[in-house]
Amino acid sequence: MKKLGILGPPGTHSEAAAVWLNSTLEKKYELVIFPEIFEVLNAVEDAQIDSGFVPVENSLEGSINITLDTLARSDSLIVTRELIWPVHNHLTAKAGVKISDVKKIFSHPQPISQCQKYLRQKFFDVEIIKTTSTARAAEIVAASKAEEGFAAICTERAGQLNNLETLATEIQDNMANSTRFFEVQRREKNFDFKNFDGDKVLIICQIDGSCAGALCGVLEEFSERNVNMTRIESRPARTELGEYIFFFDLEVTPYRRLLYESIEAVRKKSIWLKNLGIFPVIHA
């Protein structure tokens, strides 16, 4: 059985999304948990595992920089699948604890931020404590005594794994909150993205920032060929101040030739360009 590396511990949104994805696949993965996103991607590069499953962007909190930076620096990784995972945050506690009993709430900084409106309305005078993950928050609450009044903002799965009861469901401020995940694999020797099928292409390139209108010139290559760019992101190139790397998500259309032409045209206008492949986009 092939191995899929994921960000743990069990009960995180990453693990819940990976479990769901695995349930839809004909050939199942063995899920291997890592403590950090970088370690997942590094394990793929070193052939310790077959694939990695990592978050790349949250609709409210923005990009996951470590994922983008690692993909930009690597010459051996490609994206083979994208999953759009709806985020559901729940307030959980030990059996017998009511909402009126809650004295401290534990969670990862992102869910805390995503539930600010709810927390201000219901728990304005309750201490909010940040943890390394929602799963860790659930573990802390599970290890506490009911009279301490501890509660956790976590996934439904984290609550179940720790025998916690749900005090409130869907407490996120925005019901459209979702996270994008990439499945990442090693690039084969004879890799040619034209042999793949999917909904999206991801390219990464560095543009000469000292040249006026350089970015505009790149965008025109897409526009002139009616290639739809669904996302653009910039990150520091880590070479010198003012130098940037750009990430472009491009929509795959029936007019493949124009898509390929636009990418090659951008390559000629870039210091370097990496194509991370064509891949399907799945909505959970």
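Predicted model: local features only at pLDDT ≥ 70, side-chain atom pairs only at ≥ 80, totals over all residues.
Local features require pLDDT of at least 70 and side-chain atom pairs pLDDT 80 or more, whereas totals for chains, interfaces and linings use all residues. Residues are numbered from 1 along each chain as its sequence is written, and side-chain values use heavy atoms, with hydrogens and water left out.

**Helix 2**

Select residues 37-45, which form helix 2 (helices are DSSP runs of H or I, at least four residues, and strands runs of E, at least two, numbered from the N terminus). Here Ile37, Val40, Leu41, Ala43 and Val44 are buried (under 20% relative accessible area, 1.4 Å probe, protein chains only). Next, display the elements against which they pack, including strand 1 (3-7), helix 3 (65-73) and strand 11 (178-186) (contact means heavy atoms within 4.5 Å). Just after helix 2, Ala47 has a positive phi of about 65°.

**The lining of the largest pocket**

Turn now to Leu7, Ser14, Pro55, His108 and Thr132, which lie nearest the centre of the largest pocket among its 23 lining residues (a pocket is an open set of points on a 1 Å grid over the protein atoms alone where a 1.4 Å probe fits, with protein on both sides within 12 Å along at least five of seven lines; lining residues have an atom within 4 Å of a point). Helix 4 gives the largest share of this lining, three residues.

**Arg225**

Finally, select Arg225, in the loop between helix 8 (214-224) and strand 13 (229-236). Not counting residues up to four places away in sequence, Arg225 touches Leu258, Glu261, Ser262 and Ala265.

Notes: Buried < 20%, exposed > 50% of the residue type's maximum accessible area, 1.4 Å probe, protein only.
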